[in-house]
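Please look over the chain shown here before reading the notes on its fold, its core and a few individual residues. The briefing is written to be read with the structure open alongside.

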Amino acid sequence: MAIVGAVVLLVAMLALGGFFLYRSLPGNSGSSVSANASGAANEEETPKGAFYVRVIGESSRVFVRIPGGDVLHDQEVRQGSSLTYAEIPEGGIEVTIGDPAAVELFVNGIERDIADRGADYSFTVDG
């Protein structure tokens, strides 16, 4: 009986370890990136928030940080996903878009066309 209990405990620990390892890998946390279920609904929705990026191409790396400080986001964002910040921190944010042609970008509800910019295009958004 004790051996069966030990085996069950070992299997449970392995399953939990695998789950947390998977969640710790980049791109699997989903904490600040939201995937929309419907592409049609996605295109009709009005961007909300002070900063909004929607990936319309295959994917793009999106890097967001407080100037000289904390990194808020540094992940590959895939097609159909978006990143939103309802408010910009007091000091603003620094943003780098890996593939500007693959994203739609809105700052304070106004679209910024960056499709013609080079790879790893960087800019700041004032808070």
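The points below go from the whole chain to its sheet pairings, its core and then single residues.

The model is predicted, and the chain in it holds two helices and nine strands. Read along the sequence, the elements follow the pattern α-β-α-β-β-β-β-β-β-β-β, and buried residues account for 31% of the 127 residues.

- Among contacts between residues at least 6 apart in sequence, 64% join residues at least 24 apart.

**The open sheet and its pairings**

- Four strands form an open sheet in the order E4-E3-E6-E9, with antiparallel pairing; its edge strands are E4, which spans residues 71-78, and E9, each of which pairs on one side only.
- From one strand of this sheet to the next, the twist averages 15 degrees.
- Strands E3 and E4 pair in the antiparallel sense over seven bridges, and they form a hairpin with five residues between them, where glycine 68 in the turn has a positive phi of about 70 degrees.
- On its other pairing, E3 is joined to E6 by four bridges, and these two strands run antiparallel; within this pair, phenylalanine 63 has threonine 96 in E6 as its bridge partner.

**The pairing of E2 with E5**

- Strands E2 and E5 are also paired in the antiparallel sense, over four bridges, and tyrosine 52 stands opposite threonine 84 in E5.
- Strand E5 is mostly covered, since four of its five residues are buried.

**The largest nonpolar core**

- The largest nonpolar core has 19 residues, of which Phe51, Val64, Val95, Ile97 and Val125 touch the most other members.
- Two or more residues of this core come from each of strands E2 (51-55), E3 (59-65), E5 (81-85), E6 (93-97), E7 (103-107) and E9 (121-125).
- As a general background to such a grouping, nonpolar side chains in soluble globular proteins tend to be buried together.
- Isoleucine 97 has contacts that, leaving aside neighbours within four places in sequence, include Val53, Val62, Val103, Ile114 and Phe123, along with Ser60, Asp120 and Tyr121.

**Serine 60, a buried polar residue in E3**

- Serine 60 lies in strand E3, and its bridge partner in E4 is valine 77.
- With a relative accessible area of 1%, serine 60 falls under the 20% limit and therefore counts as buried.
- A polar atom of the serine 60 side chain lies 3.5 Å from the backbone nitrogen of glycine 98.
- Apart from neighbours within four places in sequence, serine 60 is in contact with Val55, Gln75, Glu76, Val77, Ile97, Gly98, Asp99, Ala102 and Val103.

**Tyrosine 121 in E9**

- Tyrosine 121 lies in strand E9, and although 23 residues separate tyrosine 121 from glycine 98 in sequence, their C-alpha atoms are 6.5 Å apart in space.
- Not counting residues up to four places away in sequence, tyrosine 121 touches Val95, Thr96, Ile97, Pro100 and Ile114.

**Loop residues with positive phi**

- Asparagine 108 lies in the loop between E7 and strand E8, which spans residues 110-112, and its phi is near 55 degrees, a positive value in a residue other than glycine.
- Because its relative accessibility is 54%, which is over the 50% limit, asparagine 108 counts as exposed.
- Aspartate 120 is placed in the loop between E8 and E9, and phi of aspartate 120 is likewise near 55 degrees, a positive value in a residue other than glycine.
- The relative accessibility of aspartate 120 is 47%, so this residue counts as partly exposed.

Note on methods
Residues numbered from 1 in each chain as written. Predicted model: local features only at pLDDT ≥ 70, side-chain atom pairs only at ≥ 80, totals over all residues. Heavy atoms only, no water. Core = buried A, V, L, I, M, F, W, Y, C linked by side-chain atoms within 4.5 Å. Buried < 20%, exposed > 50% of the residue type's maximum accessible area, 1.4 Å probe, protein only. Contact = heavy atoms within 4.5 Å. Pairing = 2+ DSSP bridges. Axes fitted to C-alpha atoms, helices over the stretch in contact; angles between N-to-C directions. Polar contact = N/O pair within 3.5 Å; in protein donor to acceptor, adjacent residues only side chain to side chain.
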